[in-house]
Amino acid sequence: MKMLYPEAWMVVMMNGVNFLLSALILISLCFIFIKMKQPAWKAIIPYYNFWVLMKCLKQSMVRFWISIGCMVGMLLTLVVLLSNISMAMITGQAISQTLVTVCGLLALVFFAIAFAIGIVVAHGLSKSFGHGAGYTTGLILLPFVFYPLLAFGDDRFVEPEDPAPSGPAGTTSGHSAPDFAAVPLTGEPEPSERSSSADHAEENEPVYTENPVEAQSENPLDHTVARVEDDLDEC
């Protein structure tokens, strides 16, 4: 039997393969959420699963809102472009090339920002399961292979540490800056240092005792002189 419309069958097969791969990634994401001690149903809800994933990875939620803004921006540029194309088809006028160029550039910028944030999140997910940049590349380029490996493998989720906020002076909060005492420029020691050094010198200074006169050995000549003086006094 001759196949009718082979292009249509090809489109159906491609859509079927895309559906199966998407389902495989979604199921793998559910098991990844279970490893992160999160309910599996949170992985099914769009955008909310991205919010929960960034919360578990301890990443800045500013990136989440930036990615949402990029998605909204891409949607708005697409709506503007399609509306102008439809109006040109109805009225028979030519489409403005400037409008097409501007919309294309805006969509490209929004997509680049969202893609960069996706790379950062994928790298955080890879690190939390003990992998590096190579696994991050696999999560981005071959998600239908590496997400199931991450979900059904023996890898365990390790919760990242909370990023320490920096203080106003550039120091990490919780760690006070070292308190340096004022040191005089003259090089003279402080009064406390003087007293301690003086006490130390007194302790180490040898003690000299004077010998009394009575303890010295007696000289016979002195006794003779004394007797002569006594005799002269009696005379």
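**Close-up 1. Aromatic pairs in the predicted model, with the stacked pair of Trp 41 and Tyr 48.** Nine aromatic pairs are counted in this predicted model, where rings of Phe, Tyr and Trp (its six-membered ring) pair if their centres lie within 6.5 Å, and where planes under 30 degrees apart count as stacked, over 60 as edge-to-face and the rest as tilted. The ring centres of Trp 41 and Tyr 48 are 6.2 Å apart and their planes lie at 15 degrees, so this pair is stacked. Trp 41, at 49% relative accessibility, is partly exposed, and Tyr 48, at 32%, is partly exposed as well (buried means under 20% relative accessible area, exposed over 50%, partly exposed in between, with a 1.4 Å probe and protein chains only). Residues are numbered from 1 along each chain as its sequence is written, and side-chain values use heavy atoms, with hydrogens and water left out. Because the model is predicted, local features need pLDDT of at least 70 and side-chain atom pairs count only at pLDDT 80 or more, whereas totals for chains, interfaces and linings use all residues.

**Close-up 2. The stacked pair of Phe 111 and Phe 115 in helix 4.** These two rings lie 5.9 Å apart centre to centre, with 20 degrees between the planes. Phe 111 and Phe 115 are four residues apart in helix 4 (residues 97–128), and are thus separated by about one helical turn; helices (H or I, at least four residues) are DSSP runs, numbered from the N terminus. Phe 111 is partly exposed at 47% relative accessibility, and Phe 115 is partly exposed at 43%.

**Close-up 3. The contact of helix 5 with helix 6.** Helix 5 (residues 133–141) and helix 6 (residues 143–152) pack at an angle of about 125 degrees with their axes 6 Å apart, the axes being lines fitted to C-alpha atoms over the stretch in contact and the angles running from 0 to 180 degrees between N-to-C directions. Helix 5 is therefore oblique to helix 6, since angles under 35 degrees count as roughly parallel, over 145 as roughly antiparallel, 65 to 115 as roughly perpendicular and the rest as oblique.

**Close-up 4. Ser 28 of helix 1.** Ser 28 lies in helix 1 (residues 6–35) and is buried, at 0% relative accessibility. Leaving aside neighbours within four places in sequence, Ser 28 is in contact with Tyr 147, Pro 148, Ala 151 and Phe 152.

Methods:
Helix = DSSP H or I, 4+ residues; strand = E, 2+ residues; numbered from the N terminus. Contact = heavy atoms within 4.5 Å.
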